[in-house]
Amino acid sequence: MTSQTDQAVLEQIETGQPKFYRVLLLNDDYTPMDFVIAVLQRFFAMNKELATTVMLKVHREGRGLCGVYPRDIAATKVEQVSAWARQHQHPLACVMEEDV
C-alpha cells in the first residue's frame, strides 16, 4: 500500500518534473491592507508597488496569487505567512493549490 507522499514521489520520477503549487492569499474583512502589503514584501520579496497591486486583487476578487513554487517551498511559505498572521492576531488565510 503506497501513501500519498509515495505516490507524489513516483509521479515526479515518472514525469521527470516536480509539481508546482500556487500560493494564494484569501480576503477577509479584518486584516488591514497595510499588513497584507507587509506580508507580500516580507515573504514573497515583492516591491511596494507589486505588493499593493496583489493586495488590491485580494481585496476586490477575494484571492490573489503570491507566487508559484515546488511543493515544499509552497508549504513553507503558507506556514510562515499563517504563523506571522496569527502572531499579529490577524485572520489572514494563505493557501496553496496545485498549479495546472
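Which residues touch the most other members of the largest nonpolar core? In this predicted model, they are V23, L25, V39, L40, F44, V81 and L92, out of 24 residues in that core. A nonpolar core here is a set of buried Ala, Val, Leu, Ile, Met, Phe, Trp, Tyr and Cys residues joined through side-chain atoms within 4.5 Å. Buried means under 20% relative accessible area, exposed over 50% (1.4 Å probe, protein chains only).

At least two core residues each come from β1 (20-26), α2 (33-44), α3 (48-61), β2 (63-70) and α4 (71-87). The largest share, seven residues, belongs to α2. Helices (H or I, at least four residues) and strands (E, at least two) are DSSP runs, numbered from the N terminus. Take L40: leaving out residues up to four places away in sequence, L40 touches L25, A45, M46, A51, V54, M55 and C66, with contact meaning heavy atoms within 4.5 Å.

Now for α4. Its buried residues are A74, K77, V78, V81, S82, W84 and A85. They sit on the same side of α4 because they cover an arc of only 165° around the axis, the arc being that of the directions from the helix axis to the C-beta atoms. The buried residues of α4 pack against β1, α2, β2 and β3 (93-98). On the face turned away from that buried side, you'll find the exposed residues D72, R86 and Q87. Just after α4, Q89 takes a positive phi of about 60°.

A bit of bookkeeping: residues are numbered from 1 along each chain as its sequence is written, and side-chain values use heavy atoms, with hydrogens and water left out. Local features need pLDDT of at least 70, side-chain atom pairs count only at pLDDT 80 or more, and totals for chains, interfaces and linings use all residues.
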